[in-house]
Amino acid sequence: MAKHVVVSLSGGMDSSTLLLRALTEFDTVTAVSFDYGQKHRVELDRAQALVNYLNVHNKKINYRVIELKGLSQLLNSALITGGAEVPEGHYAEENMKATVVPNRNKIFSSITQAIALSIANEKQEECSIALGIHSGDHAIYPDCRQEFRDADDHAFRMGNWDSDRVSYWTPYLDGDKLTILEDGEKLCKELGLDFDEVYKRTNTSYKPIKWYSRPETNAYKWYSDYKSASSVERVEAFIKLGRPDPALYADETGPVSWGYVVGEVSKVLAAANKDAENS
């Protein structure tokens, strides 16, 4: 096992749990997030909030946000500011291709590889790249497939000296989102952290809702939606875990209860299962 690790921290549930796991496995942890003009930029605020919370609890993380200014104006995706409306429903639906960001994982991986190799060369020790990939990664995203990751890794090793000092660490490769949440529960106990405090500092919604609680003072909070595919998948994992999601939820009418969210998402899941059985 390497002593050092670089975590690509999106601010979502998976990578945040991965960050906790990295804190238990490595001597030094570097975490990087990317600002690429995403509509759900609140995820960057959540990532910073989580890092701050961990630092208060004496968990040292070297955290940086990589700004890719100007890129959003050149990309075509529903997830990018100025792009089409983010579709709703289950990931199995064809319209979810609109949420693909061209070459996103290749852009991110190139930068992460460069950081990991720089650490390895400076320390003269192996450095791992931590990826939160799991068995539930979707066929709708080509850059989540093993073939892409193998080809990308080959290009990295062909193009750099001493690339053998960099390895990959994928602890959730054979699990799913429930596996990740279950590990999150164990990790919070092991690290002396509050589960709800950790996961309320994560965002998995591609359509976050800015709700003004006091419009006269411009006071607002960001809420997760429960209709976009990313949110549906997160809610499903918490349902299976048997505990409420500490994240706040809302729709166009305002904040909604966890019980309401569970009811609405259960309908979507039932419909998706029925379609799968009939296909």
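The briefing below takes up aromatic pairs, charges over rings, and backbone angles, in that order.

The model is a predicted one. It holds 9 aromatic pairs, among them a stacked pair formed by Phe34 and Phe108, whose ring centres are 4.2 Å apart and whose planes stand at 5° to each other.

**Aromatic pairs**
- This pair links distant parts of the chain, since Phe34 belongs to strand 2 (residues 28-35) and Phe108 to helix 3 (residues 104-123), 74 residues apart.
- Phe34 counts as buried because its relative accessibility is 4%, and Phe108, with a relative accessible area of 14%, is buried as well.
- Elsewhere, ring pairs join Phe195, Tyr199, Phe238, Tyr249 and Trp258 into a cluster.

**Charges over rings**
- The ring of Phe195, which is a member of that cluster, has the charged end of Arg243 sitting over it, 3.9 Å from the ring centre.
- The charged end of Lys210 sits over the ring of Tyr220, at 4.3 Å from the centre of that ring.

**Positive phi outside glycine**
- Asn58, a residue other than glycine, has a positive phi near 65°; Asn58 lies in the loop between helix 2 (42-56) and strand 3 (62-67), and counts as exposed because its relative accessibility is 72%.
- Gln124, also not a glycine, has a positive phi of about 55°; Gln124 is placed in the loop between helix 3 and strand 4 (127-130), and its relative accessibility of 52% is why Gln124 counts as exposed, the cut-off being over 50%.

How values were computed:
Residues numbered from 1 in each chain as written. Predicted model: local features only at pLDDT ≥ 70, side-chain atom pairs only at ≥ 80, totals over all residues. Heavy atoms only, no water. Phe/Tyr/Trp six-rings, centres within 6.5 Å; stacked < 30°, edge-to-face > 60°. Helix = DSSP H or I, 4+ residues; strand = E, 2+ residues; numbered from the N terminus. Buried < 20%, exposed > 50% of the residue type's maximum accessible area, 1.4 Å probe, protein only. Lys NZ or Arg CZ within 6 Å of the ring centre and 35° of its normal.
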